[in-house]
Amino acid sequence: MAKSFSVRRLPGFGAIALATFVMLYLPIVVLVVFSFNAGSSQSQWEGFSLQWYAAAFANQQVQEVSIRSLWLAAVAAGVATALAVPAALGTTRVSRFPGQTMIYALINQPLMVPEIVTGIALLIVVAWLKVHTGYTGMGYLVLAHTAFCIPFAYLPIRARLETLDATLESAASDLYASPFQAFRFITLPLLVPGIAAGFMLSFVISLDTVVITEFVKSAGQDTLPTYMLGQLRRIITPEMNAIATLFLALSLIFVTAFFLITRKRG
Amino acid sequence: MAAQTPDPAPEGEPQERHGWKWALNAPALAVLILAASGPLIIVAVYSFLSPGNMGGVAWDFSLDGWFKVFWTRDIFDPENVSWNWGNLTVFWRTVWLSIQTTVICAVLGFPTAWFIATRPPHRRALWLFLITIPFWTNLLIRTFAIQELIRGTGLLNTVMMGLGIVNEPVQMLYSDFAILLGMAYVFLPLMVLPLYAAMDKLDFRLVEAGYDLYASRFRVLWHVILPLVKPGFVAGSILVFIPSIGAYVTPRVLGGGRTMMLGNLIGLQFGQGRNWPLGAALSMLLLIIVMIALIAYLRTVNRDDGGRRG
Amino acid sequence: MNKTLVSALALIVASASTASADGVLNIYNWGNYTSPELIEKFTADTGIEVTITDFDSNETALARVRQGGHGFDIVVPTHSYVQAWISEGLLAPLDPEIVTDRGNIAPQWVDVDFDPGREYTVPWQWGTTGIAVNTSVYTGDINSADIIFNPPEELVGRINVIPEMSDVLAIAVYAVGGDDVCTTNMDTWRAVRDMLEAAKPSWLSLDYGTIDNYTAGDILAGVYWNGATMRARLQNADVAYGYPATGYPVWMDNAAVLADAQNSENAMIFINYILQPENAAMLSNFARYGNGVAGSEEFMDADMRDAPEIVIPEALVSAGHFNVPCSQEIQDVRTQIWTELLQ
């Protein structure tokens, strides 16, 4: 074979990937551009201005709901991923056992009904708990978001596990590693891409979860999506674009930090 | 494929191992039963009750909710009962749009995931982040951004008219096309990430072996690569298809309320329609259909796999 | 988990010892509907810290509060839902000791059907649902429901109808000659359905739409709210607001104190606060709708005082009607017509 022949190259794939990235970013670019619009229009450019950022920074409610959304997403995605790893191990790294399909269905159940249905169901349960325990804190939202995020964390981890070579763990066991050691030193490091994918998915899913939050929240627990939902019938100003742009900027900071840290370690 | 991951031989007491499997799943299952599946029992119960005043339910047993899912009484001639074609059309449209969304996501997602998986290892995480960064913006604002992009006086039409591709604005917004575009956009990372997770560990020696045997690129793709990344496809298509079925915001904003999907129909019953039992019955039916589809899908996938995993 | 338990216990203890007046107030209101300036002024005047939580529909708000454990003190339901709130005992009667200025409510808003004598609620904002139309394209009579239900050639395919069942059905019932939005006359409903089904192909969308769509000319006509239409007109002078002469809905959102409010005294103080003309005007200047408090006009922004969207032409005042909640039987008919329209 010629040297230039790469087994990793598939014709047209690069072009499709590029087109996909363009499609992903086109609306985002428009959104960002209009956050700097001098007018209140989302489509007619009226000059550069930072007024919508000033408005967002002056709006205390917007800041509160944004921070609450990020906090909630981080906690829920973290917990969901932590629960999904053992669950993925317990459904793939074992021989078939009765109830396995049922567990699989249960884990994926939050995907199977529209958010409004889970929302209504949770409304009744959570309100009952609030009345009878007196606790009305963020715990309910964390629980609801965690449950909703579990399948999104579980499926990538499971997909990763299924492509991993189980003989490595068997080898570790043969060398008298305890199951925990085998997991800690063999499986877990190999699992990292799946865990990262699962966490990232859960995080963005939690950021988007709106209807469930709407029904579970108590006084003073608005998140960014419910704050926006409340405005659906009113006017949506570029202030929302400004907030979205700030979220994007924040994500870029995270990405940069992540690379600086991993580079140092590498 | 079948030879790749042999089952670890069951050692020790079968009883003990059994408890261990459940223990690994227990924390996740506890959360799910408490905050997702358990509360659904309430929805199941509600589907057999009567509508309450201004929403909610009255605690009188009734099959009316279920009846109205399938049949309809002519408003002007209550004796005349016929199939509820309205609801059935919504069901069909929802399934069809979800299938198309899944296919679009797979067609775009596979090359994208492949592209990412074939970058140098230290660059892959960067590309992966690039897929998820747009999703840090909120779903509503993202959907509105798409609306702005494709509407009559939006950027896409302006550019196309400027380039002389079209003479007058193309009505893209408020159509099935807009819904498909929006859903593919929203659900794409749910396909790319699991696919990538499966490809990242791909053994390229197997691909090489395929070429060594003078297989064409297409044959290698079809017979070597696809089977190897199948778990990623399975996860991805479940993650895309099922949420598509229950999509609410995207069809509402981009469909312009002219074409309803099931999520909107259910939302309507819990909202302005004030018929919670009907909404509950529609939800349970949706749940049952998706469950059956999921189990059938997994059975098929696993049979090809030699039935090793559940 | 322990932390959760501790805070749960702390909350139980706290709620048992002091019932109210610890300086906070929780308002449950439509999103982007509460003037931040007013809240700031209220806190400065009274020392009460206010938290605002949003809802997106009357149905959500009612469902949420019905179940209890919500922590809200004040809610702002639309008039057609007020009866349901009162009859289920969810609202507390206004305390005459604190809410002393009910006399400020403009006379026409005192003896309303949904709360005669204003025992439970006070006006927040009111408005109308009518027709927004771009007069650079359409030159006919703007006060006609035909613009939507029997549109002229130039408007076909450029019409948006807000997906609000009760508003749209009301305009439709009046347009076919009915006078009661809950009529039991099935011929009226048949006419409504036939008219809507025939009109739908000429509509572009059933969406909340954005003001942008009107100003940019993507949408040339539609069923829209008066305040939103005013915002569109301020950006594009061609946009006009019409009141269908056959009949159109009037709506009013009303503030009320919840029966299980934990800060009901503070809530009563707030209710009385928004009855002051100056404060009511602040609500209007932010949300851009009328407020129902006599004497607030002089504090309102100049562009609102004589806006055609807010001041209803004399001849068309009598065509405005409050929507009323219907019996379950008629509600079923309405929902079915609406669902068939959307499918």
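**View 1. The stretch at residues 306–310 of chain B, where pLDDT stays under 50.** Where pLDDT is low, the predicted coordinates should not be read in detail.

**View 2. Confidence along chain B, with helices α3 and α8 of that chain in focus.** Chain B has a mean pLDDT of 83, and 92% of its residues reach 70 or more. Within chain B, helix α3 (residues 85–117) has the highest confidence, with a mean of 92, while helix α8 (residues 204–212) has the lowest, at 76.

**View 3. The contact between chain B and chain A.** Here 88 residues from chain B meet 97 residues from chain A. On the chain B side, helix α1 (residues 14–46) gives the most, with 17 residues. By class, the chain B side comprises 61 nonpolar, 18 polar and 9 charged residues.

**View 4. Helices α3 (residues 60–92) and α8 (residues 179–208) of chain A, where their axes come within 8 Å.** The two axes cross at roughly 140 degrees, so α3(A) and α8(A) are oblique to each other. The crossing is right-handed. Look for A:Ser69, A:Leu72 and A:Ala73 among the contributors from α3(A), and for A:Ile195, A:Gly198 and A:Phe199 among those from α8(A). This helix contact has 12 nonpolar and 5 polar residues, with no charged ones.

Note on methods: Residues numbered from 1 in each chain as written. Chains lettered and ligands numbered in written order. Predicted model: local features only at pLDDT ≥ 70, side-chain atom pairs only at ≥ 80, totals over all residues. pLDDT = per-residue confidence, 0-100. Helix = DSSP H or I, 4+ residues; strand = E, 2+ residues; numbered from the N terminus. Contact = placed C-beta atoms within 7 Å. Nonpolar A, V, L, I, M, F, W, Y, C, P; charged D, E, K, R; others polar. Axes fitted to C-alpha atoms, helices over the stretch in contact; angles between N-to-C directions. Parallel < 35°, antiparallel > 145°, perpendicular 65-115°, else oblique. Left-handed = near helix turned anticlockwise from the far one by under 90°.
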